[in-house]
Amino acid sequence: MAADGAVHALCNSADLRDGGPGVLFDIQYRGQTCLGFAVRFQGQAVAYVNRCAHVAMEMDWRPGHFFDESGQWLMCATHGALYRPLDGQCVQGPCRGKQLIPIALSERDGVVHWHEQHNLKAVTF
């Protein structure tokens, strides 16, 4: 497993369109294998663990689809909770006031990278 702070190429910057489908990727969160997702909103790429803040269920209503019809909110397919895309804060639904678990991203040379943290690691096969 990579050391803390390791950086992993995720996708081309052009793969993330404002309010469009996201990119899913395997992670280990607190030792458990699950999915992360990256999306773009207002020009900024953001990523979160693919778990609703209410119940630890994946949020996408189709693989990689996280935005509501307006393209303004991330929406949990199970509970209908709405989250602000840029900070993951729940603004409507059973988890109001809670937040999605963020995954640090950076972009350089047309590539989006995700950054490991103490509780978020790359999956090794």
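A residue counts as buried when its relative accessible area is under 20%, as exposed when that area is over 50%, and as partly exposed in between. On that scale Glu107, with a relative accessible area of 38%, is partly exposed. The model described here is a predicted one. The points below take up a sheet of three strands, a pair of cysteines whose sulfurs are 3.7 Å apart, two salt bridges, and the residues Gln42 and Asp109, each of which has a positive phi.

**The sheet of three strands**

- Three strands form an open sheet in the order S1-S10-S9, and their pairing is antiparallel.
- Strand S1, which covers residues 7–12, and strand S9, which covers 105–108, stand at the edges of this sheet, and because each has a single partner strand, one side of each is left without a neighbour in the sheet.
- From one strand to the next, the twist in this sheet averages 30 degrees.
- Strand S10, made of residues 111–115, runs antiparallel to S1, and five bridges join the two.
- Within this pairing, Val7 has His115 in S10 as its bridge partner.

**The cysteines**

- A disulfide is a covalent bond between the sulfur atoms of two cysteines, and this structure holds zero of them.
- For Cys52, the closest cysteine sulfur is that of Cys76, and the distance of 3.7 Å is too far for a bond, because a disulfide requires the two sulfur atoms to lie within 2.5 Å.
- Seen from the other partner, Cys76 is likewise in no disulfide, and its nearest cysteine sulfur is that of Cys52, 3.7 Å away.
- Cys52 counts as buried, since its relative accessibility is 5%, and Cys76 also counts as buried, with a relative accessibility of 1%.

**The salt bridges**

- Side chains of opposite charge can pair when their charged atoms come close.
- The count for this model comes to two salt bridges.
- One of them joins Glu107 to Arg40, where the closest N and O atoms are 3.0 Å apart.
- Another salt bridge is formed by the side chains of Arg84 and Asp87, which meet at 2.6 Å from N to O.
- Arg84 has a relative accessibility of 35% and so counts as partly exposed, while Asp87 counts as partly exposed at 29%.

**Residues with a positive phi**

- Most residues other than glycine have a negative phi.
- Gln42, although it is not a glycine, has a positive phi of about 50 degrees.
- The residue Gln42 is found in the loop between strand S3, which spans 32–41, and strand S4, which spans 44–49, and its relative accessibility of 57% means that Gln42 counts as exposed.
- Asp109, again a residue other than glycine, has a positive phi near 55 degrees.
- Asp109 has its place in the loop between S9 and S10, two strands that stand next to each other in the sheet order S1-S10-S9.
- With a relative accessible area of 79%, Asp109 is exposed.

Key:
Residues numbered from 1 in each chain as written. Predicted model: local features only at pLDDT ≥ 70, side-chain atom pairs only at ≥ 80, totals over all residues. Heavy atoms only, no water. Pairing = 2+ DSSP bridges. Helix = DSSP H or I, 4+ residues; strand = E, 2+ residues; numbered from the N terminus. Axes fitted to C-alpha atoms, helices over the stretch in contact; angles between N-to-C directions. Buried < 20%, exposed > 50% of the residue type's maximum accessible area, 1.4 Å probe, protein only. Salt bridge = Lys/Arg side-chain N within 4 Å of Asp/Glu carboxyl O.
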